[in-house]
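Student: I have a model open and want to learn how to read it. Where do we begin?

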Amino acid sequence: MREFLAMGGYAAFLWPSYAVTLGVAILNVVWARRSLARAVAAARLRLAAGGADS
Amino acid sequence: MSWTWFHRLGSPPHIYRLAEQLTPWFAWPAAALILAALYGGLVLAPPDYQQGDGFRIIYVHAPAAWMSLMVYTTMAVAAAVALIWRMKVAHAVAASCAPIGASFTVAALVTGSLWGEPMWGTWWEWDPRLTSELILLFLYLGYMGLRGAIEDPQRADRTSAVLAVVGIVNVPIIHYSVTWWNSLHQAPSVMRLGKPQLSMPMLWPLLMMLLGFTLFFVAVLLVRLRGEILVRERSASWIREVVET
Amino acid sequence: MDEPRNPALPGVEAALGGATAPHDATSVLEAARLVLERDMTLALRRRGQLVQPLAFFAIVTMLFPLAISPELARLREVAAGVLWVAALLASLLALEFLFRDDAYDGTLEQYALSGQPLTGLMFAKTAAHWLLTGLPLALMAPLAALSLGAPSESLPGIVASVAVGTVALSLIGSIGAALTLGIRRSGVLLALLTLPLSLPVLIFGARASELAIHGESYVAPLELLAALAVLGITLAPLASAAAVRISLE
């Protein structure tokens with residue numbers, strides 16, 4: 001296991017790389033869901049406030 | 001040939017529902033592929049004879065770089081469709097792409113730099129690929145900056161669409177000129193962002209990663225797309241039933 | 001609806017005895033010629049404004065010896081790059097003048113409504129812009145080059161590369177200028193949009209100048225520069241026209 005984590009000496013570069021990329025991926029998921037939630041909340045507010053404007 | 005299917009694609013309520021239904025069909029396979037590829041790349045694949053275990057950074061750097069370019073292309077194609085056929089949904093697709101692409105471009109730059117340090121001995125080199133990625137980041141930032149600077153949402157959509165199309169035409173030109181520039185100053189072979197010779201056991205995890213991230217992109221895009229459609233469909237009555245469930 | 005007269009050129013009407021505005025013109029070439037003439041005439045009335053980009057070019061060039069070293073031998077190493085960065089920034093600054101006044105006084109709108117292809121008129125405006133800024137920059141470049149230690153044999157090559165390069169820069173810049181029309185304080189955004197697109201011009205132009213300074217043949221990069229300029233001539237006015245139309249909606 002320790003050998004695996006050490007990655008032949010490249011650990012200091014390898015694990016941060018994986019962390020950054022997977023971190024960006026997770027960030028995208030969270031960000032996307034939040035932006036959808038915000039849009040839904042805004043739509044709800046608009047409907048409650050004035051009904052659909054045409 | 002009936003083009004109804006194409007024009008249906010332009011119908012926001014239809015797309016909204018389709019996006020909602022399709023998301024899990026992309027999200028779960030994406031997760032599975034990425035996890036399998038991680039195992040394949042980190043555990044199963046043998047170390048490279050030149051770069052040792054260091055080459056394994058390719059399993060995150062290559063997908064990030066691939067995403068940065070693929071997403072920009074998708075954004076530009078959506079922008080072109082939006083301009084030509086005047087489809088609001090296409091504008092929504094383009095808008096959804098930008099933050100995804102920009103964040104992966106940053107990831108590509110960071111992982112590229114991290115890969116480079118042990119190989120080159122410096123944290124940054126004006127390697128043609130890294131330089132092109134940096135320029136791509138500026139293209140994304142410009143697009144997002146332009147969108148943000150225009151108040152009228154329709155004008156913002158259409159103006160940034162023109163920029164996206166202009167950008168994509170430029171990407172090959174920029175890449176060519178950067179490669180040309182780099183080759184002039186005879187960068188020694190060690191400078192090129194290490195492309196190890198990939199045997200089959202090393203290659204398949206990479207391909208799985210690329211496919212997995214592509215599916216991941218579609219899944220995230222579908223989620224963002226729904227929000228972007230809602231924002232553009234202020235007056236529609238179909239929103240009521242969607243939003244209140 | 002009364003005929004909108006071009007308020008800036010009252011004497012032209014009598015002189016030309018014919019079309020004075022694009023919507024009167026019988027062909028796109030005539031309309032383009034009118035737009036070009038108008039832009040040139042108006043700009044030449046405000047010579048102070050024309051000199052500004054050139055002064056900026058000179059000042060930026062001067063920054064480098066002060067920041068690096070007065071030794072011409074050292075400066076010669078970086079002369080091509082410095083020259084080109086200065087020219088790029090100066091031409092960026094000059095872009096503000098391309099559409100701003102016409103957007104404010106409604107002339108752009110007239111052009112869009114004139115019935116003439118807006119693309120042709122955009123090309124004419126950009127051509128005027130190059131004649132007023134790019135060409136003077138190219139003619140000034142030898143002075144800057146000499147001040148940075150370039151040998152006098154390199155000057156023709158430098159002038160050629162800057163002249164051709166600024167054609168491409170004006171065209172690329174016109175797209176950014178059109179996209180940012182009506183955005184307040186858009187200077188930085190304009191730079192952020194235009195600079196990445198201008199990088200190929202910078203790369204080839206600086207390379208051509210570099211080769212000229214070393215006394216080598218600069219034909220290859222110059223040809224690439226020319227290719228970029230031609231590509232720009234074909235495509236940029238289309239994009240600017242599209243952007244202008246969007247901003248007028």
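**Reading the core and the chains**

Tutor: Begin with one residue. Ala141(C) touches Leu83(C), Ala87(C), Ile158(C), Val159(C) and Val162(C), leaving out residues up to four places away in sequence. Keep in mind that this is a predicted model.

Student: Which residues have the most contacts inside the largest nonpolar core?

Tutor: The general idea comes first. In soluble globular proteins, nonpolar side chains tend to be buried together. Here the largest nonpolar core has 165 residues, and Ala94(B), Leu83(C) and Ala141(C) have the most contacts inside it. Helix H4 (residues 88-120) of chain B supplies the largest share of this core, 18 residues.

Student: Which chains share the most contacts?

Tutor: Two pairs of chains are in contact, and chains A and B share the most. Chains A and C do not touch; 21 Å separates their nearest C-alpha atoms. For the complex, the predictor gives an ipTM of 0.88 and a pTM of 0.90.

Student: How many helices and strands does chain C have?

Tutor: Ten helices and zero strands. Of its 249 residues, 49% count as buried.

Student: What does the radius of gyration say about chain C?

Tutor: Compare it with a compact globule. For 249 residues that would be near 18 Å; chain C has 19 Å, which agrees. The C-alpha trace of chain C spans about 65 × 35 × 30 Å along its principal axes.

Student: Where does pLDDT stay under 50 in chain C?

Tutor: Over residues 1-17, for which the model has twelve contacts beyond four places in sequence. The mean for chain C is 89.

Notes
Residues numbered from 1 in each chain as written. Chains lettered and ligands numbered in written order. Predicted model: local features only at pLDDT ≥ 70, side-chain atom pairs only at ≥ 80, totals over all residues. pLDDT = per-residue confidence, 0-100. Contact = placed C-beta atoms within 7 Å. Core = buried A, V, L, I, M, F, W, Y, C linked by C-beta atoms within 7 Å. Buried ≥ 20, exposed ≤ 12 C-beta atoms within 10 Å, placed from the backbone. Helix = DSSP H or I, 4+ residues; strand = E, 2+ residues; numbered from the N terminus. Rg over C-alpha atoms; globule rule 2.2 N^0.38 Å.
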